[in-house]
Amino acid sequence: MSSAPGSKRNKLVPMAAHVGPNMTPMVDVVMVILIFFMLGSSFASRNWYLTNNTPAIKGGLSNIKTHAMPATRIDIRVQMRGTRAMVMIGVFQTEDLKGQLYRFLVKKKKLFGKKVKVILTPDNNVPYQDVITVYANCVKAQYHQVAFGYPRE
Amino acid sequence: MKLQGIKPMQDMHINVTPLIDIVMCLIIFFLLVGHIAKQASIKGVKIPVAHNGKSISNRSNELILNVVPRHSSIAGVQRRPRIWVWGQEVPQANLGEMLRAFKRKNPNLRLVLRADQSIHYRYIAPILTDCAAAGIDSIHFMARRP
């Protein structure tokens, strides 16, 4: 049976379906990967830094150009007493590398003002952790010029 | 009278192509950053704890120097630690030369010292001296939050 031209039966039905791949699962997976990397990168950066702009002592190391030093300086020696580190600043001595040392440094800072330099000279056998603890105290006490000394053998 | 039929609904899907483009770029970025970070920091370094410090947002011009301890069979004796830069071991004797080359290439170079907390100062001091000799006057000591 043939239908007459122009009748409704012969008209093309428009395509309603979406042609192409289904992107939804891909977007889901990609978003999960993205969130994983973003969280991973934020967990990875849990470190912080102690900055220093004065790496060496003037005159202490020949042939090395260093920054000019203020006249007032505090010499901090760090030595090992058994298994513990001891800080010596003149006649002041302490094994309390946090509280007592910090209070002493703050007191000296008030006394000397801004133009004071600290020279931190740990002994050869002082662990890096103790060096960093003492240095962190100097930074906390607002000493902006802290130089590291070379220990004598 | 000719009756108008209901028009078929048009396709109402959201165009996800730009979204996928951006997300793919972000993933590639994080992958690359992760790869670079892995190269820059070596495992086996227990960095020291510091009760104060600051975060650094600007990480450009940075050179990370890893100082990895070597365990000795003799108790109480510490062997000379290994120094790693960009995934390669650098002998102590060549460190000064290498730092000078980096400094020549990048005058705004900043050194990040990532040393193990147990290393004795006798092995840290020469590194600081080499930095001073190379003209690197900005050193960041990497520390761990307590």
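1. In this predicted model, helix 2 of chain A covers residues 99-112. At 1.5 Å a residue, its 14 residues should span 20 Å, and the end C-alpha atoms are 20 Å apart, so expectation and model agree. Just after helix 2 of chain A comes A:Gly113, with a positive phi of about 85°.

2. Chain A also holds an open sheet of five strands, ordered 4-3-2-5-6, and the pairing is mixed. Strand 4 (92-94) and strand 6 (146-148) of chain A are at the edges; each has a single partner strand, so one side of each lacks a neighbour in the sheet. On average, and with direction ignored, neighbouring strands of this sheet are turned by 20° against each other.

3. Within the sheet, strand 2 (residues 72-81) and strand 5 (residues 116-122) of chain A run parallel and are joined by seven bridges. A:Val78 has A:Pro122, in strand 5 of chain A, as its bridge partner.

4. Helix 3 (residues 128-140) of chain A packs on the sheet, where it touches strand 2, strand 3 (84-89), strand 5 and strand 6 of chain A. The direction of helix 3 makes about 170° with that of strand 5 of chain A.

5. The contact between the chains takes 43 residues from chain A and 46 residues from chain B. On the side of chain B that touches chain A, the elements giving two or more residues are helix 1 (17-40), helix 3 (121-134) and strand 5 (139-144) of chain B. Helix 3 of chain B gives the most, with nine residues. By residue class, this side of chain B has 28 nonpolar, 11 polar and seven charged residues.

Notes. Residues numbered from 1 in each chain as written. Chains lettered and ligands numbered in written order. Predicted model: local features only at pLDDT ≥ 70, side-chain atom pairs only at ≥ 80, totals over all residues. Contact = placed C-beta atoms within 7 Å. Helix = DSSP H or I, 4+ residues; strand = E, 2+ residues; numbered from the N terminus. Nonpolar A, V, L, I, M, F, W, Y, C, P; charged D, E, K, R; others polar. Expected span 1.5 Å × (residues − 1). Pairing = 2+ DSSP bridges. Axes fitted to C-alpha atoms, helices over the stretch in contact; angles between N-to-C directions.
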